[in-house]
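Have the model open as you read.

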Amino acid sequence: MIDRAAREIAERADTDPRDRHAVAAWLFVCCALLFALIVLGGVTRLTHSGLSITEWQPIVGTLPPLTDTDWAHVFAKYRATPEYRQINPDMSLDAFKRIFWWEYAHRLLGRAIGLAFLLPYLWFLVRRRIPPGYAGALFAIFVLGGAQGALGWYMVQSGLVDDPRVSQLRLAAHLGLAFLIFGAMFWVALSLSRAARRSGNAALRRFAFLLTTLTFVMVLAGGLVAGIRAGFAYNTFPLMNGRWIPPGILLLEPWYRNLTDNMTTVQFDHRLLAWVLAALVPWFAWSVHAAPDVDPQARRAAAFFVALLVIQIALGIATLLLVVPLPLAAAHQAGAVLVFAAALNASHALRR
């Protein structure tokens, strides 16, 4: 086993640097596209557009309605949904088109990312330009991308029933998987684009991993906040309507339902995670800068992590106080991706 690992390391060292940088550049482009998709998904949710397309047609659905007959057909399917009957009974065709195009753009960009990943992957694979040890990981990322599309439709299905509301658990899962795919691509791209370094500080590596995990958990908590529209409650800061711990946190039975279904608890948890990160990330950055056995790259990564977290928290507070305006809410979702990327960057800079 040790000999095999040594051979893989040697093979990676012998790989043409141009191949490594070409594959890394492609993955960074895919990360940028996925970043745009995550932000567009947030806009789709905020504009209540996610249930406007009532079928999952990965191939046929690539073409939008092109004629008045096509639009009438698509609109008739929407009018048969509980969302139309219960929430938008007076919606006109022009109003429907506005929400349709957001969801269509979201799905089309998802398909485009699939092609932007698959076609270069096959080209690199056939030309044997993928560095040894990475082909399997890249194929696994592609499989996760396919699973993400299926999970997105599974999420939409939850809102096409009697209660026209997407399940917040499925929404959080859909968002979480998008972040995992982003993280996997970003990590591989960093590994291919950076020279191998060794950091002797195991404690800082563990600290960075903890912060990356907490950032991901906060993203999931944000998905729950969005799913039950908890951001429209308790629009005060730092207190929640005058309380640090508002009443009603354990209102539901059994108790664990409060973690996903109680607007008070869900928003409180999201705030609490933000406070924890606001305390730990500057501590981490100070520890990195004070440690003698880390290189400047890790110090820069830690400082960047702090800066992006400060901006993200400010965006979150502004979004809350102004009662979730679309531009700020979309910026807050974009900020979540950037903070997660900064956490991964810091962790990678401290890797063995």
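## Where two helices meet

In this predicted model, Ala 208, Phe 209, Thr 212, Thr 215, Phe 216 and Val 219 of α8 touch Ala 336, Val 339, Phe 340, Ala 343, Leu 344 and Ser 347 of α12; contact here means heavy atoms within 4.5 Å. The residues of this contact divide into nine nonpolar, three polar and no charged.

Helix α8 spans residues 202-227 and helix α12 residues 326-349; they pack at an angle of about 165°, with axes 8 Å apart. The axes are lines fitted to C-alpha atoms over the stretch in contact, and angles run from 0 to 180 degrees between N-to-C directions. That angle makes α8 roughly antiparallel to α12, a label for angles over 145 degrees. The helices themselves are DSSP runs (H or I, at least four residues), numbered from the N terminus.

How does α8 pass α12, in a left-handed or a right-handed crossing? The crossing is left-handed, that is, the near helix is turned anticlockwise from the far one by less than a right angle.

## Salt bridges

Side chains of opposite charge can pair when their charged atoms come close. With a salt bridge taken as a side-chain nitrogen of Lys or Arg within 4 Å of a carboxyl oxygen of Asp or Glu, the count comes to four. One of them joins Arg 129 to Asp 19, with the closest N and O atoms 2.6 Å apart. This pair links distant parts of the chain, 110 residues apart: Arg 129 lies in the loop between α5 (93-126) and α6 (135-157), and Asp 19 in helix α2 (residues 17-46). Arg 129 is partly exposed at 21% relative accessible area, whereas Asp 19 is buried at 13%. Buried means under 20%, exposed over 50%, and partly exposed in between (1.4 Å probe, protein chains only).

Another bridge pairs Glu 103 with Arg 107, at 2.8 Å between the closest N and O atoms. These two sit four residues apart in helix α5, so about one helical turn separates them, and both are buried. Arg 257 and Asp 261 also meet in a salt bridge, at 3.2 Å from N to O. Here Arg 257 is partly exposed at 33%, and Asp 261 is partly exposed at 31%.

## Reading the numbers

Residues are numbered from 1 along each chain as its sequence is written, and side-chain values use heavy atoms, leaving out hydrogens and water. Local features need pLDDT of at least 70 and side-chain atom pairs count only at pLDDT 80 or more, while totals for chains, interfaces and linings use all residues.

Conventions: Parallel < 35°, antiparallel > 145°, perpendicular 65-115°, else oblique. Nonpolar A, V, L, I, M, F, W, Y, C, P; charged D, E, K, R; others polar.
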